[in-house]
Amino acid sequence: MKLGIVGLPNVGKSTLFNAITKAGAECANYPFCTIDPNVGIVYVPDERLEKLAEMYDPEKVTPATIEFVDIAGLVKGASRGEGLGNKFLAHIREVDAIVHVVRCFADPNIVHVDGSVDPKRDVETINLELVFADLETIQKRIEKTAVSLKTHDARLKARCQEEMEVYQRIKAGLEDGLPVRALDFTEEEKAIVRQAFLLTEKPVIYAANVSEDDLAGGAEANPLVQKLNSLVQTENAEMIVICAKIEEEIAQLDEGERVEYLKALGNDESGLDKLIKKSYKLLGLISFLTAGKTEVRAWTIKQGTKAPQAAGKIHSDMEKGFIRAEIVSYNDLMACGSYAAAREKGLVRLEGKDYVMQDGDVTIFRFNV
């Protein structure tokens, strides 16, 4: 999973990136200090791995990972190549979802490219640039499909007509300033939308970056956060409230100190934990687990993935030669205290090729190649 962190210059996105990846991306109080995207890999926190490690005493524990990309700041005119616009748009195309950092705090010492803090305006600045880029893409699709409609093949013509109707709806929405993710489509129409590779179709999590005082005092009362939240509700997006500066401080602490610090702030999880949970939800992801003396590991898959394809995440040969999956739910395994005890109680199931994997399945794949 690759998440792109975006935002206007000086909203705190590189500070947040530093905090969640500890990668040391350059931070500076001027636009475009991030020119090439910084990339960092972070572990997905999963307490189930710790419990399985206590049970199996493995040689190593391997969590699932997420790749974060800190993408250059964007300004008006990016869709026409202004600033670092062309690079920005190219990097956006490569990510699975967007984390849009929005400044929701006032600080006279930190320059804002538009001279004042306004979450609605800032969001619209980036969204409109992506909308303009998508309008250009969809217009090309419409022109290409119009040519294909001249075919004498009845089946192809019917298919092209379906595509044209979807593309026209997308164009009308974009012309009204609506991102594609805000529009409603049937499952069949979604397949047509996906093949257009539109930027505003990508899932978005808005990260409202607030001050330390706001986070401690209840950021929901912040009128800037409220303004952003009302906007988020209109476009099928998600939102979390963070303080990038606090996240940066938390990143320097060891696990015990981090827990105590979060408790002092009245939180039981960090902004990173919230962000990862939202990301999994937004992208429809779950984790299945494998456990043994060699390794305890979490594997990320899409909801609805069947057992052979899940096996293929481990190795392609396991998918090709799939025979069956031996599965026990994590909760059942913990309640029994061992795999052998779970088997004795009949809680280890044998599942075939049509089994749909569930979050927390502790799995052994049987295969033959």
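**Glutamate 295 and its surroundings**

Me: Which residues is glutamate 295 in contact with, leaving aside neighbours within four places in sequence?
Reply: Pro58, Lys60, Thr62 and Thr290, once its neighbours within four places in sequence are left aside. Contact means heavy atoms within 4.5 Å.

Me: What sort of model is this?
Reply: It is a predicted model, where local features need pLDDT of at least 70, side-chain atom pairs count only at pLDDT 80 or more, and totals for chains, interfaces and linings use all residues. Residues are numbered from 1 along each chain as its sequence is written, and side-chain values use heavy atoms, with hydrogens and water left out.

Me: Back to glutamate 295. Is it buried or exposed?
Reply: Glutamate 295 counts as buried, because its relative accessibility is 18%. Buried means under 20% relative accessible area, exposed over 50%, and partly exposed in between (1.4 Å probe, protein chains only).

Me: What does its side chain make a polar contact with?
Reply: The side chain of threonine 62, at 2.5 Å. A polar contact is a pair of N or O atoms within 3.5 Å; within protein, one must be able to donate a hydrogen and the other to accept it, and residues adjacent in sequence count only if both atoms are side-chain atoms.

Me: Which strand is glutamate 295 in?
Reply: Strand 9, residues 295–302. Helices (H or I, at least four residues) and strands (E, at least two) are DSSP runs, numbered from the N terminus.

Me: How many helices and strands does the protein chain have?
Reply: The chain has 15 helices and twelve strands. Of its 369 residues, 49% count as buried.

Me: New topic. How many residues are in the largest nonpolar core?
Reply: It has 74 residues. Ile66, Phe68 and Phe88 are among those with the most contacts inside it. A nonpolar core is a set of buried Ala, Val, Leu, Ile, Met, Phe, Trp, Tyr and Cys residues joined through side-chain atoms within 4.5 Å.

Me: And what lies apart from it?
Reply: Another core, of 18 residues, including Val131 and Cys160.

Me: What caps the N-terminal end of helix 10?
Reply: Aspartate 254 does. One of its side-chain oxygens lies 3.3 Å from the backbone nitrogen of glycine 256. Helix 10 covers residues 255–264.

Me: What comes just after helix 10?
Reply: Glycine 266, with a positive phi of about 80 degrees.
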